[in-house]
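Here are a few notes to go with the model you asked about. Have a look at it first, then read on.

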Amino acid sequence: MFGIPGKQALTMTPAAIKQIARLMDKEGHAGLRIGVKKGGCAGMEYTMDYVTDRDPHDEIVEKDGAVVMIAPMAQMFLFGTEIDYEVSLLESGFKFNNPNVADACGCGESIKFKDMDELAEQVAANGAPKLT
């Protein structure tokens with residue numbers, strides 16, 4: 001739906017690939033659907049849900065057994081994002097390195113996206129938003 005021919009909508013680090021593939025195998029799911037919704041103190045939040053059936057409108061990214069599906073309404077917000085999986089002493093979880101984010105709340109749970117005109121200019125000039 002939203003993309004640049006020949007360029008994947010998002011990328012995954014080896015740690016994210018390993019964790020997503022493990023979750024898929026453990027639960028027998030077809031993949032992990034990623035989206036965005038209104039919420040949190042910065043205005044938007046990422047969503048992640050197990051998927052049993054593929055939606056033909058989803059953007060699908062597959063790598064080494066990990067399948068990520070991007071919900072249609074989230075594709076323009078997630079284009080160029082790198083998904084990582086981090087493990088620390090106190091917590092573990094997925095981290096989104098998203099070039100389309102203008103601001104995030106202090107706790108890191110919610111985000112605010114760049115203005116749509118700014119995103120369109122970046123795509124037109126560079127082919128994809130740049131990490132800031």
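**Notes on the fold and core**

1. Of the 132 residues in the protein chain, 39% count as buried, meaning under 20% relative accessible area with a 1.4 Å probe and protein chains only, whereas exposed means over 50%. This is a predicted model, in which local features need pLDDT of at least 70, side-chain atom pairs count only at pLDDT 80 or more, and totals for chains, interfaces and linings use all residues. Residues are numbered from 1 along each chain as its sequence is written, and side-chain values use heavy atoms, leaving out hydrogens and water.

2. The protein chain holds three helices and nine strands, taken as DSSP runs (helices H or I, at least four residues; strands E, at least two) numbered from the N terminus. Along the sequence the pattern reads β-α-β-β-β-β-α-β-β-β-β-α.

3. Which residues touch the most other members of the largest nonpolar core? They are Leu10, Met12, Ile20, Val68 and Ile83, out of 26 residues. Such a core is a set of buried Ala, Val, Leu, Ile, Met, Phe, Trp, Tyr and Cys residues joined through side-chain atoms within 4.5 Å.

4. Ile20 is one of the buried residues of helix 1, which also include Ala16, Ile17 and Leu23. Beyond its neighbours within four places in sequence, Ile20 is in contact (heavy atoms within 4.5 Å) with Met12, Leu32, Ala66, Val67, Val68 and Phe94.

5. Asp64 sits in the loop between strand 4 (59–63) and strand 5 (66–70). Asp64 is exposed, at 62% relative accessible area, and has a positive phi near 50 degrees.
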